[in-house]
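Biologist: I would like to learn how to read a model like this one. Can we take it feature by feature?

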Amino acid sequence: MMNYKSNKMFSKFMSLILCLVILACNNENKEPNNQENNDVDTTQVVNVEIDEINTNLILDTNINYQVPTPNELFSIIKDLEVTFDASLLNSTENDDKYTNGLLQALNFGIYSADLAFSASFGASNEALKYFGIVRDYGDKLKVSNAFDQTVFNRIENNIENNNIDSLFTISNETYFSAYSYLEENDRGATLSLIISGGWIEGLYIMTNLEKYNEGSELSYRISDQRFTYENLLGFMAKYNDDDLVSDMMSELAELEEVFLSFEQSEEEVITNKTKDGKYNFDGGVTLKMNQDQFNVLKEKVNELRTSIVEATI
Amino acid sequence: MFKLFKKSIIALLIFSPIILIAQNQKECYNTVKYCHHAKKQGYIYNMQSESGAFVQGDTAELSIIVYKNMEYRISLCSPSHMDLNGNFEFKIVEKMTKGEWQDVVKDGETKRRRVYVTTEVVRYDNTEDENNQEFIFQSNKTRKISVKVYIPEMSGEENYDLSGQAYSCVGLLIEHQRGVVTGFSR
């Protein structure tokens with residue numbers, strides 16, 4: 001009898017061990033960078049699904065695509081001769097409209113981009129206000145550990161001291177914390193929606209800051225967003241099996257035609273090494289859009305952004 | 001009872017390394033934070049950095065966007081396999097995509113679609129630069145580039161995944177700061 005009990009206990013113990021092993025292996029399979037996941041079948045499946053989203057882009061699921069943050073984008077934009085326009089920000093009063101996970105994730109991205117825009121241009125009052133709303137969304141999306149009171153206090157102190165650079169650094173760190181938290185907790189689908197929301201807001205602000213001015217630095221920076229668009233879709237493709245992500249990819253694909261119609265010129269590719277051991281990349285591809293292409297892009301981005309902030313998407 | 005205890009210990013000894021290895025894969029997240037950051041030189045952490053578990057002897061590819069007039073620093077590290085540090089091989093490749101119209105057969109129908117043909121230009125290869133482990137550059141325009149990293153096979157203590165392949169936690173650190181603006185404005 002004792003022997004039977006012992007065997008039974010041993011079997012249960014072994015089952016527990018096996019369960020642990022299986023659970024650990026399942027977690028491992030969610031690892032996006034594990035080369036084991038990057039087999040040929042996965043590539044084919046994802047590409048077929050992307051094809052249904054009506055994209056002509058060549059996206060290889062063996063490649064990890066990355067997208068620059070709104071902070072990095074606005075640190076470039078602030079060097080151009082453009083002025084901050086608070087009317088372009090998504091009103092914090094729209095907050096009540098975002099009742100489901102899709103809207104919360106997309107608008108978290110939008111508000112994060114608004115925070116980056118405000119912080120980059122030294123609009124301290126707006127930065128504080130948008131940090132507050134981003135922190136609230138951190139709670140809603142359960143990434144609140146990224147926005148603790150210490151960070152909030154640091155922001156307040158920097159605003160009091162008019163320290164714009166630190167404000168920008170904190171805004172960058174905040175985005176980093178949320179990003180890392182979601183990535184580490186296998187919430188890549190939510191992360192890709194947040195990134196797409198931030199990307200749309202960045203493009204919306206850029207296309208609405210000024211009227212089209214052929215040859216202006218801003219017009220070139222807008223054209224450059226075709227590169228980030230490609231990487232955004234590449235990033236999202238990893239989570240294409242999530243319905244919300246694939247629906248969002250379909251919405252974004254509406255922009256593709258105009259992006260791909262931009263004039264593309266090529267110069268000889270030159271790489272120089274400087275005396276201090278650094279390199280300069282010259283030549284290559286330059287993208288350029290005309291007035292009509294700008295109008296179409298602006299209209300489509302405004303439409304998509306409105307559907308997100310007005311919660312009609 | 002002693003036999004049961006003995007069997008349990010044996011089972012633990014057999015399975016615990018497998019559990020630990022599976023957990024190690026998970027621990028590869030954020031490996032990049034252990035890489036040497038060049039904060040003192042003014043660089044800011046770039047969110048396009050990447051961490052992961054990589055099979056030794058394999059090549060990994062990361063596609064990133066670099067902005068005009070921004071200076072970037074790219075470096076690699078493996079805190080789990082110190083012997084890899086200093087031995088990574090990497091290339092910076094620029095992919096240039098050109099659109100052209102082609103007839104594509106889909107579901108038995110021939111449709112005219114715009115197809116994008118990509119050509120690759122190697123901008124930098126560290127094997128041709130004394131195996132330098134960091135790369136600092138600036139671009140005169142916004143570009144989409146790929147960092148192709150070869151994870152060398154090293155002898156010595158190794159971790160294995162369930163398929164028996166040696167893997168390492170590798171961080172690809174990207175940092176940026178405002179670069180020096182040169183030349184005429186476009």
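Predicted model: local features only at pLDDT ≥ 70, side-chain atom pairs only at ≥ 80, totals over all residues.

Biologist: What is the mean pLDDT of chain A?

Modeller: pLDDT is the predictor's confidence in each residue, from 0 to 100. Chain A has a mean of 81, with 77% of its residues at 70 or more. Chain B averages 81, and 75% of its residues score at least 70. The model scores ipTM 0.80 and pTM 0.80.

Biologist: Where in chain A is confidence lowest, and where highest?

Modeller: Helices here are DSSP runs (H or I, at least four residues), strands are E runs of at least two, and both are numbered from the N terminus. In chain A, helix α2 (residues 40-52) is lowest, at a mean of 37. Helix α12 (residues 291-309) is highest, at 98. Residues 10-49 of chain A stay under 50, and the model has 54 contacts for them beyond four places in sequence. A contact means C-beta atoms, placed from the backbone, within 7 Å.

Biologist: How do I describe two packed helices?

Modeller: Two packed helices are described by the angle between their axes and the distance between the axes. The axes are lines fitted to C-alpha atoms, for helices over the stretch in contact, with angles from 0 to 180 degrees between N-to-C directions. Take α3 (residues 70-77) and α4 (residues 101-120) of chain A: their axes come within 9 Å and cross at roughly 35°.

Biologist: Which residues of α3(A) and α4(A) meet?

Modeller: From α3(A) come A:Pro70, A:Asn71, A:Phe74 and A:Ser75. From α4(A) come A:Ser112, A:Ala113, A:Ala116, A:Phe117 and A:Ser120.

Biologist: Is α3(A) mostly covered or mostly open?

Modeller: Mostly covered: seven of its eight residues are buried. Buried means 20 or more other C-beta atoms within 10 Å of a residue's own; exposed means 12 or fewer; partly exposed lies in between; C-beta atoms are placed from the backbone. Among the buried residues are A:Glu72, A:Leu73 and A:Ile77.

Biologist: What about cores?

Modeller: In soluble globular proteins, nonpolar side chains tend to be buried together. A nonpolar core is a set of buried Ala, Val, Leu, Ile, Met, Phe, Trp, Tyr and Cys residues joined through C-beta atoms within 7 Å. The largest core has 67 residues, and A:Tyr111, A:Leu115 and A:Val134 are among those with the most contacts inside it. Its largest share, 12 residues, comes from α4(A). A:Leu115 touches A:Ala127, A:Tyr130, A:Phe131, A:Val134 and A:Ser171, leaving out residues up to four places away in sequence. A second, separate core of 35 residues includes B:Ile65, B:Met70, B:Phe90 and B:Phe135.

Biologist: How many helices and strands does chain B have?

Modeller: One helix and 10 strands. Of its 186 residues, 35% are buried.

Biologist: Now the loop residue. Why does A:Thr69 count as buried?

Modeller: A:Thr69 is buried because 24 other C-beta atoms lie within 10 Å. This residue is in the loop between β1 (63-65) and α3 of chain A. Leaving aside neighbours within four places in sequence, A:Thr69 is in contact with A:Tyr175 and B:Met47.

Key: Residues numbered from 1 in each chain as written. Chains lettered and ligands numbered in written order. Contact = placed C-beta atoms within 7 Å.
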